[in-house]
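Here is a short report on one protein structure. Please look at the sequence and the model first.

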Amino acid sequence: MLPSERPLRVGIVAGEISGDVLGEGLIKAMRAQHPHVEFVGIGGPRMMAQGCHSLFDMEELSVMGLVEVLGRLPRLLKVKTALVKHFTVNPPDVFIGIDAPDFNLRLEASLKQAGIKTVHYVSPSVWAWRQKRIFKIAAATDLVLAFLPFEKAFYDKFDVPCAFVGHTMADSIPMQVDKLAAQRALGLDSSKRWLAVLPGSRGSEMSMLAPPFIKACQQLAARHPDLGFVVALVNETRRQQFEQIWQTIAPELSFMLVDDTARQVISAADSVLLASGTVALECMLLKRPMVVGYKVKPVTAWLAKRLLKTKYVSLPNILADAPLVPELLQEECQPEALADAVSAQLYSDNQALLTTFTELHHTIRKDADTSAANAVLTLLDDHD
């Protein structure tokens with residue numbers, strides 16, 4: 001029997017929608033190489049549509065925030081115990097935990113102790129803070145699948161097996177994005193310049209960043225009358241929060257609000273003013289100049305300065321290990337400084353920056369689904 005004809009049984013657990021998307025791609029890619037593979041564990045609708053048998057509803061694991069986790073802790077422990085029992089009685093050839101590290105790393109540790117090969121897909125930000133978690137990860141997994149090359153470099157320093165598989169976002173975003181088409185889709189006047197304003201998806205981010213961002217837009221409107229402002233808002237709650245701050249600070253200013261993901265809004269923009277986060281990576285892949293602003297409450301900032309182990313906070317700068325894009329953090333996140341940084345980008349030749357963005361896009365565009373499937377199957381081959 002050829003290796004690809006041997007039946008395989010894969011345990012797999014995703015804890016949220018983003019993990020369900022990754023799981024769907026991984027299942028398709030593994031089946032393309034190994035048709036006789038069965039998936040069982042916890043998956044969302046996308047994974048289940050690919051034939052994954054879900055033992056529990058994925059919503060059981062979709063818990064965020066310390067208070068919410070504590071309230072659900074007894075149920076989470078019961079689910080984990082049930083999964084350990086199921087996979088111990090019916091051992092899979094390999095178990096793959098997708099993201100959700102607080103749940104999956106504990107599950108992976110128990111299964112690895114029971115002699116089951118384990119993989120963790122999506123590295124926690126162990127390279128940025130609480131680096132001693134590397135030892136917990138090493139004890140829990142036989143292999144980590146990492147999105148970004150500097151993550152693998154970190155694991156290599158500790159001799160923890162890790163495969164760099166590329167970033168799925170880099171696969172889904174084309175190398176060139178049509179700005180005029182995005183402007184037409186949003187109904188924006190293409191004779192104007194547009195600044196995308198993205199003050200965060202969380203309520204705490206919006207409350208801290210919307211005021212300086214809106215005041216920066218006030219200054220930019222006075223300097224550049226041809227400049228328009230478009231804001232992406234992830235849901236109705238964030239829209240209401242932004243509108244309340246906008247009407248309090250600058251009701252005379254005109255914003256176009258878009259209830260959508262950030263991608264279309266960034267694609268339509270000439271420059272972007274954004275909160276730090278994954279959206280900075282998305283902005284880099286869409287090849288738009290950006291200014292990163294971020295601030296948190298003073299106690300959180302005090303702790304962050306002591307815990308963070310990286311020179312930069314935005315992913316483009318971390319990837320390049322260089323200050324590609326301005327980062328205005330905490331006391332530097334002031335309206336005039338933000339407006340100055342945006343102005344400098346709006347009316348500059350950004351070709352060198354965009355060329356570097358393109359090079360970084362190629363670096364992390366690796367067909368992540370197939371690369372992850374290859375890494376898992378290689379792990380199995382190595383242990384046959």
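The text below goes from the inside of the model to its surface.

This is a predicted model, where local features need pLDDT of at least 70, side-chain atom pairs count only at pLDDT 80 or more, and totals for chains, interfaces and linings use all residues. Residues are numbered from 1 along each chain as its sequence is written, and side-chain values use heavy atoms, without hydrogens and water.

**Inside**

The largest nonpolar core has 100 residues. Such a core is a set of buried Ala, Val, Leu, Ile, Met, Phe, Trp, Tyr and Cys residues joined through side-chain atoms within 4.5 Å. Buried means under 20% relative accessible area, exposed over 50%, and partly exposed in between (1.4 Å probe, protein chains only). Ile96, Tyr121, Leu145 and Met290 touch the most other members. Helix α17 (residues 368-382) gives this core its largest share, 8 residues. Helices here are DSSP runs (H or I, at least four residues), numbered from the N terminus. Apart from this core lies another, of 31 residues, including Val197 and Ile245.

Ile96 has contacts beyond its neighbours within four places in sequence, among them Val10, Leu26, Tyr121 and Val376. Contact means heavy atoms within 4.5 Å.

**Surface**

| Residue | Relative accessible area | Class |
|---|---|---|
| Leu303 | 41% | partly exposed |
| Lys78 | 57% | exposed |

Leu303 is found in helix α13 (residues 298-307). Lys78 is found in helix α3 (residues 66-89). The C-alpha atoms of Lys78 and Val291 are separated by 45 Å, and the two are 213 residues apart along the chain.

Definitions and conventions
Helices (H or I, at least four residues) and strands (E, at least two) are DSSP runs, numbered from the N terminus.
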